[in-house]
Amino acid sequence: MNRTTLSLIAGTTALAAVTGFAALTAPSASGDNTDKAAARLPVEQTRLLCPEPSTSDLAETSYTSYTPLSKGTGEGGKAELGAAGEQSGDGTDTTGSGKADGTSGKGKAGGKGTAKKQSDAPSITPKQPGTPATGDSSGSDTPALLGTATGGLAPGWTVQETTEVSAGTGRGLLGTACTAPDTDFWFPGAATSASRTDYVHLTNPDDSAAVVDIELYGKDGDLKSTVGEGITVQPHASEPVLLPTLTNAKQDDLTVHVSVRTGRVSAAVQALDDRSGGDWLDAAADPAPSLVLPGIPKDATDVRLIAFAPGDQDADLKVHLASPTGSLTPAGNETLHVKGGMTTAVDLGDVTRGEAGSLVLTPGDSHVPVVAALRVLRGKGDKQETAFIPATAPVGARASAAGNSSAKDTTLTLAAPAGAATVKVTASAGSEGGTALTKQYTIKGGTTQDVDAPVPSGLKGTYALTVEPVSGGPVYAARTLRADADGVPGFTVQPLPDDRGTVAVPEADQDLSVLLTK
């Protein structure tokens, strides 16, 4: 193997470990086009972005930063969170906006151009993997956060943002896991109806501006508007975009598509209702013919399915509920027809009927990719509260949920729709004390279980739950947090896809010289 090929392999390996991107592969040196299995190494850097939590003066927000223990990681490393759109101490703009007040300078499409200071950001200082670190903030001044973890704190790093709002639009419990930047996002379940106030939060982690397009699709198709085209998000800044400023149409069920022309951003929808609280609507899994939406609470009083088929082809879906006893078909909603380019919604009512459940969508006669999410209500009358469950990817190798305070207020849901699976769940040490504890579970094929998740012994503070499949079919997971107040059953659900804590890199004897000619 020549020196050029060795240098390319070394460079590819280093880039993959730092960025977390999949490594390049190439045919073997023998020319038989048989690829050798790539090794997996821990990533050396992880970027996470947390949206501005609330504009309410009554908001109380907590953050939990956590990195699970990983084999093969070195010692040291840092995990830091800083304010987006921050100003320097003398008021000089540091966002690249050209404005001394530190705003994004956009104003277009209802963007507020956050101008929060670094001093408004919570102080969170993780010290080592396996132990959570926490921080808190109050009121409406908390900014969006930009985070970077390196070294031993990078693999599987997760940050949970949880907000309690005691009154007003969107009152209740709102939660989201801070996300990595990307270039394409789908959000079925948004709305521009009179009772809703929905924002798309766009956050740019990079040193150059990002240019973003926002498209809205309703029951009759594309709500064409030029207002959502070419939205600029300044470097290291956050831009909340109010959906009703993009269209005059009042729609109860919308699909939002965020695509990035230049750069990359994180994106999340904050969906707030005047009557039934609100929550974060996280991006759904990429369009696919089959989808799983895990973690419907057993006491859900109403469940609404929102689906969208990108493109011109219609999709016919079979609807199943994976329950504790097996796969069931919701009466009257055995199938769903989704017209191409249009958002379709259907009420499933109290589909779980007092048992844990996950919705499973599979293709009928066609294999057309779709995106989907659930809007879930708990409570009745004026004491209802809303959460959203987007379709999600399976756990893969590992996933973690931080910000748990007790077994009473935390529910871990595991689903194995395609076949039985064995799963290991670890409760970390507490943020202020306690010893980690691990349990193992077997989930029967086609079922969903709310498991009796472990809690660290001698718990003080908050803890994280880490899910690791051991054997069997793919596992889907979700974590529900609860916080009841004044008769309102506050809750929020976070699906748990793979934490992308490792990256595939070529083996040392793979010949990548073919890449030099492409």
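R500 is exposed, with a relative accessible area of 53% (exposed means over 50% relative accessible area, buried under 20%, and partly exposed in between, with a 1.4 Å probe and protein chains only). This residue lies in the loop between β36 and β37 (502–505), where strands (E, at least two residues) are DSSP runs numbered from the N terminus. Although R500 is not a glycine, its phi is positive, at about 50°. D486 likewise has a positive phi without being a glycine, with a value near 55°. D486 belongs to the loop between β35 (476–485) and β36 (488–495), and its relative accessible area of 68% makes it exposed.

The structure is a predicted model, in which local features need pLDDT of at least 70 and side-chain atom pairs count only at pLDDT 80 or more, while totals for chains, interfaces and linings use all residues. Residues are numbered from 1 along each chain as its sequence is written, and side-chain values use heavy atoms, with hydrogens and water left out. The protein chain has an average pLDDT (the predictor's confidence in each residue, from 0 to 100) of 87, and 84% of the residues score at least 70. In residues 1–35 the pLDDT is below 50; this stretch has 62 contacts in the model beyond near neighbours in sequence, a contact being heavy atoms within 4.5 Å. The pLDDT is also below 50 over residues 86–108, a stretch with 49 contacts beyond near neighbours in sequence. Where pLDDT is low, the predicted coordinates should not be read in detail.

One disulfide is found in a search of the whole structure, a disulfide being a pair of cysteine sulfur atoms within 2.5 Å. It joins C50 to C178, with an S to S distance of 2.1 Å. The two cysteines are 128 residues apart and link distant parts of the chain: C50 is in strand β2 (residues 45–50), and C178 is in the loop between β8 (172–177) and β9 (184–190). The torsion about the S-S bond of C50 and C178 is about 110°, so the disulfide is right-handed. C50 is buried at 0% relative accessibility, and C178 is buried at 6%.

Four strands form an open sheet with antiparallel pairing, in the order β14-β10-β16-β17; two strands pair if DSSP finds at least two bridges between them. At the edges stand β14 (238–242) and β17 (277–281), each with a single partner strand, so one side of each has no neighbour in the sheet. Within the sheet, β10 (residues 196–203) and β16 (residues 266–273) run antiparallel and are joined by eight bridges. L202 has A267 in β16 as its bridge partner.
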